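Me: I have a structure to go through with you. Can you take my questions one by one?

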Amino acid sequence: MSQKPKPSHGLAACPGCAEPLDSGDRFCGACGYDLSAVPAAGIGPDRPTVAIGTPVNWPDAPPREPGSLSTVTQHPGDLPGTDSGGHDLPAAPAPTGDFELAAPDPRAAVRVDDPVPVPGVAPGAAPASVSAQAQAQAQQAPASGAAHGDGLCVACRAGRVDTDGYCENCGHAQPRERDHMERELGGVAAVSDRGLRHHRNEDAFAVSATTLADGSPATLAVVCDGVSSATRPDEASAAAAEAAGAALCAALPRGTHPQQAMHEAIVAASEAVNSLAEKAADGEPHRNAPACTIVGSVVADGLLVVGWVGDSRAYWVPDDRTAPAARLTEDDSWAAQMVAAGLMNEAEAYADERAHAITGWLGADAYELDPHTAAFKPDRSGVVVVCTDGLWNYAEGPEDMARVVPADAADRPLHGARVLVGHALDGGGHDNITVALVPFAVPPQGAGSA
C-alpha cells in the first residue's frame, strides 16, 4: 500500500468513530478524523511504502528530446536485468518496432466516450473491460468463476458458503465487496485481496480482452495501489484502473501503437484521479488529494508493453523456467533514486528505512506526471505478472517471483493469480494484495509484428 508523507499516531482505533487504524494513517478512512495532532509513536518492525519526508538533492535529470513522450520514455535497455533469452539487456535503448510515437499534450486526457467497433461487441455495449470496483458493485460473474462463484470457502477451499456469508466447514467469514475480488476475461485474470492487516482494500484492477485494428487479439491488465496516507485512496485506485482500462480498450482497436496507448492510458488515469480532488471542494482541492500508483501491461501481436508510475511492478516469467525471469519496471522510490544516482548500492539503499518511499504517484498533489513505458519482444512464451507491493514484498527478485508463479500460470491465469495472493497471505499479508497475470505466446513464424 503506497503512501505519501505521514506521521505515526500510535492509535489502534479512530478517536472519532472507533474505526481500526493503521499506524501511519493521517486521516481516518471512515470518518476523516485528522490524526496529525497525535504525538508520533516509534517506528515498528514493518516498513510500508511511504513518501519522502525530507528534501533530497537529486542529480540533474538526463536531457530529454522535445519529441519524446511527455518526459522520459523507458526502454528495455534502461532497466537492469536480462531478456527472455538470457542475455543482458542492451545498454543503449532498444528499438521496439517500426513506428513513431507522436508527442501528445502531456496533460491531455484520452476521450473514451466515442463508440469503437470491436468484433463481437454490439454497438453501444460496454467494452470488454471490468474494473475491480465495478465488478464488486455490479456483482458480475467473471468468465471463469465469480469471486466466490464456485461456492467454496476462500479460507479452507472445502466448505460451502451459507447465505449469511460464513463457511459451513470452518466458520470463516467470507470477504465482502472489495475485500476479495477475482476476474478472468479472455485469457487474462486478476485477483485482489484486503490482506490480513488492513481494514479495507485500497487496491483496484481492470482486465480486458480486445482487438487491434487488424483484428488480431490483445489482452491487457491494469493494477493500482491507493496511497493510504491520502484521502479516499480506494476511490483513487478504482478511478485510475477504470480510466486506464477504458482508454486502452478505446485506443488499441483504433490502430494506436500499444506503447503510445499505454502512455495515453496513464494520462487518462491521472486525469481521473485529479478530478476526485477537484470535487473534494472547500477551496483547497490539492490538500492531501486522493492518490494512487499504477502499473499496466498490454500483450499484442508479439509485443509486450508495460507502463507505470509509482512502485507497483511488472515481472516477466518465461514458461521455460531454465531461462531467467526479469523485472520490467523500475520503482519511483527513494531506494531506486539512490541506486540510479550512484549514491548507494542496492543492498544499502533497500536496507534503509526510506527504501520504499515513493517519489511518483497519480494525484492532484503529485510533483509531476511522468509516465514510464517500456516495450519488449520476448522470444519465448511466458506470463507477465502485474502486481502491487503487497505481493512483491514477498517475492521481490525476478528469480523469487518465478519460483512462486505456478508452472501452468499461462494456461490457468486465474488459478495462478490465486496462488500468488495465497503466497502473500501465507507470508503475513501485511498489505493489500493485487496481482494480474497476462499470458504471452510467441507469434507463429512468419507472422507480422508491431
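What follows is a short chat about a helix and some salt bridges.

Reply: This is a predicted model, where local features need pLDDT of at least 70, side-chain atom pairs count only at pLDDT 80 or more, and totals for chains, interfaces and linings use all residues. Residues are numbered from 1 along each chain as its sequence is written, and side-chain values use heavy atoms, with hydrogens and water left out.

Me: Which residues of α8 are buried?
Reply: In α8, they are Pro 413, Leu 414, Gly 416, Ala 417, Leu 420, Val 421 and Ala 424. Buried means under 20% relative accessible area, exposed over 50%, and partly exposed in between (1.4 Å probe, protein chains only). Helices (H or I, at least four residues) and strands (E, at least two) are DSSP runs, numbered from the N terminus.

Me: Where do they sit around the axis?
Reply: They cover an arc of only 165°, which puts them on the same side of α8. The arc is taken from the directions from the helix axis to the C-beta atoms.

Me: New topic. How many salt bridges are there?
Reply: The count is 13. A salt bridge is a side-chain nitrogen of Lys or Arg within 4 Å of a carboxyl oxygen of Asp or Glu.

Me: What does Glu 396 pair with?
Reply: Glu 396 meets Arg 313 in a salt bridge (3.8 Å, N to O). That pair links distant parts of the chain, 83 residues apart.

Me: Is Arg 313 buried or exposed?
Reply: Arg 313 counts as buried, at 0% relative accessibility. Glu 396 is partly exposed, at 30%.
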